[in-house]
Amino acid sequence: MTDLTSYDLMNAAARVAVLMDEAAAAAAELDAERVAALDAEAISLLDALADALPEKLDKLRAVNVRLTAEAKMLREEEKALAARRKAREAGALRCKTLIAGLLEANRDTGADPKIQTDGHSYWLQSTESVKGPESAETWPERWQSVKVSPDKRAALKALKGGESVDGFELVTTEGARWR
């Protein structure tokens, strides 16, 4: 077995477990020939795993480190792009404010409040919006909206503390670590 993929290695390890179970069953039936054949296949797979696994782990770790570094770099680029976007939005707002100021000044001189250029029309338009206290708690309840979201941290603490709630359970997962 050469150039085993990660999936090949996982399948080989799973196959070894199956072979062990089958060998135990064959031994219980006193089928020495079958036990020997299953043991030979298991030993072959274990040898291949012993040869390929360390190198594969190192290669996968290297890929993981690279991808993690790229993700961090992209996160920093996202922050920089967000700052640039905000600056552009502020610039666009400033341009719109200047246009409105020019149109207001033109209207205040008694000129036509609508201006036509070769490619565009400009005018002032009134809109309405609500201005109220910043704190939502001071608004009338009928004008408030509530967003409900799960508090997984509190649930984890409660379940670890022995609390039991239908439909909820502690789930343990395993993940790879390295130094």
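User: Is Glu-76 buried, partly exposed or exposed?

Analyst: Happy to walk you through that one. Keep in mind that this is a predicted model. Relative accessibility over 50% is read as exposed, and under 20% as buried. Glu-76 has 42% relative accessibility, so Glu-76 counts as partly exposed.

User: Which residue does Glu-76 meet in a salt bridge?

Analyst: Look for a Lys or Arg side-chain nitrogen within 4 Å of a carboxyl oxygen. Here the partner of Glu-76 is Lys-79, at 3.6 Å from N to O. The two are three residues apart in helix α2, so about one helical turn separates them. Lys-79 itself counts as exposed, at 52%.

User: How many salt bridges are there by this rule?

Analyst: The count comes to eight salt bridges. One of them joins Glu-22 and Arg-34 at 3.3 Å. That pair links distant parts of the chain, with Glu-22 in helix α1 and Arg-34 in helix α2. Glu-22 and Arg-34 also belong to a network of salt bridges with Arg-15 and Glu-41.

User: Why is the pair Trp-139 and Trp-143 called edge-to-face?

Analyst: Compare the ring planes: an angle over 60 degrees counts as edge-to-face. For Trp-139 and Trp-143 the planes are at 70° and the centres 6.4 Å apart, so the pair is edge-to-face. Trp-139 is partly exposed at 24%, while Trp-143 is exposed at 56%.

User: What sits over the ring of Trp-143?

Analyst: The charged end of Arg-142 does, 5.2 Å from the ring centre.

How values were computed. Residues numbered from 1 in each chain as written. Predicted model: local features only at pLDDT ≥ 70, side-chain atom pairs only at ≥ 80, totals over all residues. Heavy atoms only, no water. Phe/Tyr/Trp six-rings, centres within 6.5 Å; stacked < 30°, edge-to-face > 60°. Buried < 20%, exposed > 50% of the residue type's maximum accessible area, 1.4 Å probe, protein only. Lys NZ or Arg CZ within 6 Å of the ring centre and 35° of its normal. Helix = DSSP H or I, 4+ residues; strand = E, 2+ residues; numbered from the N terminus.
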